[in-house]
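I opened this notebook to record, one step at a time, what I looked up in the structure shown below.

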Amino acid sequence: MIQKEINKAELSPLLKVRFEKENRGLLIYRTYYLFMVATILYPSFWGLDWLTIPDEALFFLYIRLAVGANFFIGALLIKLPIGEKIVLPISLWCSYVSVLGVVIMTIYLDGFFSHYYIGIVLLIFIPGLFLPWDLISSLIFGFFSIATYFTLNLMIGYPPSVNLMAAAAPFFFMMWSFFFMAFANVEKRKTHRQEFMLRIQIEKANADLKELDKTKKDFIANVTHELRTPLTLIRGWTDFMLNGESGEIPKNLMEIINKVGIQTLSLTEKINELLKVSKFDAGMSKLVLTKEDINAYVDQIVTSFKGLTDQSGVDLNFFGSPDIGHIFIDREKLKDILNNLIRNAYKFTETGEIKVILSKKEDRMILKVKDTGIGMPPDVQKKIFQRFQQGDGSRTRNYEGTGLGLAIVKDSVEMMSGKVSVESVPGQGTVFAISLPLGLEVNEPHAVMERRMKDRRASTRKLMPGDRRQKDRRLNDLAKIDTADIVRIMASENPLAGKTVVKKIDPQNSRGVIVIAEDNSAIQDFLSTALKGYTLYIAGNGQAAWQTIQETMPGLVISDIMMPIMDGYSLLEKIRSNEQTTTLPVIIITSLTEQNDRIKALQLGADDFLTKPFHHLELQARVKNVLSVHRLEREKARSDQLEVFLMVLASVIESKDKYTGGHVERVAGYARDLALKAGLPEGRVTDIYLGTIVHDVGKIGVRDEVLNKPGKLTDEEFEHIKEHPVIGRNLLAKLEIAPVAVNIAYSHQEKWNGTGYPEGLSKTGIPIEARIATIADFWDAITSDRPYRKAMPLEKAIGIMHEERGKSFDPELFDLFMDDTDRLYQQYISPDRLTALA
């Protein structure tokens with residue numbers, strides 16, 4: 001496809017000129033070297049002449065020498081300044097002369113029958129392979145070469161006995177060679193054009209990439225520079241409040257302001273790293289050399305980290321060198337180097353020590369930072385100084401970062417004409433070594449601060465107020481990050497990361513239990529505040545979270561993706577693959593913005609996905625929605641299980657009371673339809689349906705001989721039957737089934753006029769679910785067969801129902817049930833009985 005597009009592509013006028021110029025250059029190059037080789041080779045074939053035709057060998061030598069001289073003169077001519085313009089005619093002429101020489105040799109031998117015609121074929125064939133002629137030039141050369149051969153040979157004449165067909169054989173051989181030469185030149189030119197177009201496209205792509213890279217770098221530089229202004233203001237105002245200059249502030253609010261201040265510092269640091277890198281790329285970063293007591297300066301930076309390392313149980317020590325006193329150094333760049341190397345060592349050293357060693361070797365200063373941390377494998381060491389490269393770039397890394405720190409170290413060292421190297425053994429530790437020249441002020445005299453200030457003061461140019469920054473601005477730039485700020489940021493990072501410690505927050509009247517898997521302490525604080533009111537278990541890694549989930553069985557899990565030891569994806573897979581937690585709702589939160597990460601999380605079974613940064617109200621809404629959906633699913637599953645259980649229970653009743661075969665399903669159906677028509681909520685309708693299934697569950701406690709007696713019951717037996725509502729209530733209450741089912745089982749024998757049992761309730765004192773069940777139960781009882789009687793005719797049954805309106809039944813519910821417009825009462829009557837009613 002690409003090849004077709006290249007073949008069809010038209011060259012612009014400028015590209016045509018360039019293409020033709022390139023062709024001429026190629027023709028000059030190849031013609032020159034071909035002619036120089038031919039100058040030697042063409043005469044050297046005289047040895048063949050001497051062996052095969054010694055009589056004519058001397059004459060042929062003259063011809064060969066003349067043609068060789070012709071090649072040599074042609075090679076010299078094309079090297080002249082005018083050679084570019086005359087190279088094509090010279091190459092054609094010299095090549096033709098070489099053919100002419102062999103044609104003359106064939107005439108002196110056997111003419112058409114001379115084996116020397118092979119030489120002509122070769123001389124036609126060779127230019128087609130090596131010289132980039134166009135089609136017209138190839139045709140001209142081939143035509144005159146063949147025409148000369150046949151014309152001169154025909155001029156000498158032949159006797160009648162000559163076999164003309166045999167003489168024609170060389171002609172056809174030459175013609176095919178000529179066509180092949182012309183075809184080869186056309187294909188060569190076509191291939192050259194394709195290769196030329198590809199190179200043009202590659203050049204254009206490279207130019208576009210360079211422009212895009214420049215645009216990207218400019219964008220980063222501009223954006224990072226512009227972000228420093230609002231960050232300076234945020235930091236300024238938070239410091240203003242923290243210093244008490246805005247009056248007394250409540251303690252809890254001060255804690256929040258302090259957290260905002262730390263995160264502002266962290267963001268400013270990352271912005272500064274991007275700005276430094278962009279300045280290095282743009283060549284805007286300059287050396288500023290000042291004379292410093294190097295031992296004291298390095299010790300000052302190292303000491304700043306002592307409080308942090310002491311808390312972690314890591315020894316941090318500086319070993320100075322008395323051989324090095326005051327030297328010229330770029331303070332800011334050396335501070336960047338040490339801050340990044342010490343910070344890097346601290347991150348990956350849980351126990352042991354960190355040493356900063358200063359020494360002198362010949363005319364260079366050697367600065368080493370050694371640790372007893374986790375070390376690095378060889379493949380990581382090779383690319384550790386690259387941009388955005390981290391010692392641990394996996395999803396389970398312990399520490400966050402931009403991956404720019406060591407790149408800044410390398411750039412800073414190289415700007416000071418130094419070298420940086422790393423040696424590391426996995427599990428044993430790492431050594432970063434910096435080598436800097438001691439005479440930087442000699443190598444970089446323009447960078448010496450005192451000299452620059454003198455030069456500036458000596459300038460005759462009148463400086464306007466805005467031309468230079470004021471001294472106090474340099475000293476009080478709040479967008480700068482000092483060593484103390486870095487230590488403050490590090491002290492707030494990852495208190496639970498990589499550890500099995502789980503923080504628990506247990507408020508009064510908890511709304512539920514949530515396990516949070518998040519390694520960033522600032523996000524942990526934010527989540528715990530946003531989710532106030534829930535019992536929270538906060539784990540710093542996926543493994544600790546998984547252990548907590550198994551122990552607490554929470555209602556929800558909120559997990560980051562990138563965490564130490566076990567990442568969020570692995571945690572999610574464990575939750576979904578475990579039978580006890582497979583339905584546990586999970587919300588994934590992450591700073592990863594790729595769509596594939598979101599898709600992967602959802603494919604693994606995440607219920608929701610939040611991308612940082614997110615608003616606390618959005619988090620609360622997502623948590624509420626996920627819990628609500630899960631609660632509905634749980635209730636539906638419970639309802640389905642309850643329905644199955646009640647059906648099983650009803651079947652047990654049917655096996656005891658033979659007449660109830662199919663009775664409970666019909667009564668439940670009538671009750672559900674009547675509840676719907678009465679306009680009750682959907683959930684209440686479902687509860688009534690399920691409760692009516694077991695409305696006669698109390699009959700389990702009735703003696704079989706009474707329950708299935710074919711004749712009329714005695715008073716004693718009837719009193720025994722009347723115990724079944726109480727038995728049903730007690731049984732369902734113990735099973736903790738919804739109160740609707742309990743009410744139906746207990747009160748379905750109550751009557752509207754108060755003459756029912758067991759309580760003698762009346763009118764609306766009877767729960768509505770029981771009033772509905774009473775109508776459904778009574779209607780099915782009189783329209784179905786019993787052991788002691790047959791089912792009543794429908795017309796008679798309808799009459800009895802109307803007699804009980806306002807006595808046994810709620811009149812309003814009765815009217816809905818017996819309404820002739822939709823006839824609910826006929827829903828479960830067999831078609832043959834309905835035909836009789838009509």
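I began with valine 356 and listed its contacts (heavy atoms within 4.5 Å), leaving out residues up to four places away in sequence: Val298, Val302, Leu316, Asn317, Phe318, Phe319, Leu338, Ile342, Leu367, Lys368 and Val369.

I noted that this is a predicted model, in which local features need pLDDT of at least 70 and side-chain atom pairs count only at pLDDT 80 or more, while totals for chains, interfaces and linings use all residues. Residues are numbered from 1 along each chain as its sequence is written, and side-chain values use heavy atoms, with hydrogens and water left out.

Next I looked up the sheet, where helices (H or I, at least four residues) and strands (E, at least two) are DSSP runs numbered from the N terminus, and two strands pair if DSSP finds at least two bridges between them. I found an open sheet of 5 strands with mixed pairing, in the order S2-S4-S5-S7-S6. Its edge strands, each pairing on one side only, are S2 (314-319) and S6 (419-425).

I then followed S2 to strand S4 (residues 352-361), with which S2 pairs in the parallel sense over 6 bridges, and saw that phenylalanine 318 stands opposite valine 356 in S4. Helix H10 (residues 294-304) packs on the sheet, touching S2, S4 and strand S5 (364-371).

Of its 52 residues, Val298, Val356, Met365 and Ile434 touch the most other members, and helix H12 (residues 331-347) gives the largest share, 7 residues.

Conventions
Core = buried A, V, L, I, M, F, W, Y, C linked by side-chain atoms within 4.5 Å. Buried < 20%, exposed > 50% of the residue type's maximum accessible area, 1.4 Å probe, protein only. Axes fitted to C-alpha atoms, helices over the stretch in contact; angles between N-to-C directions.
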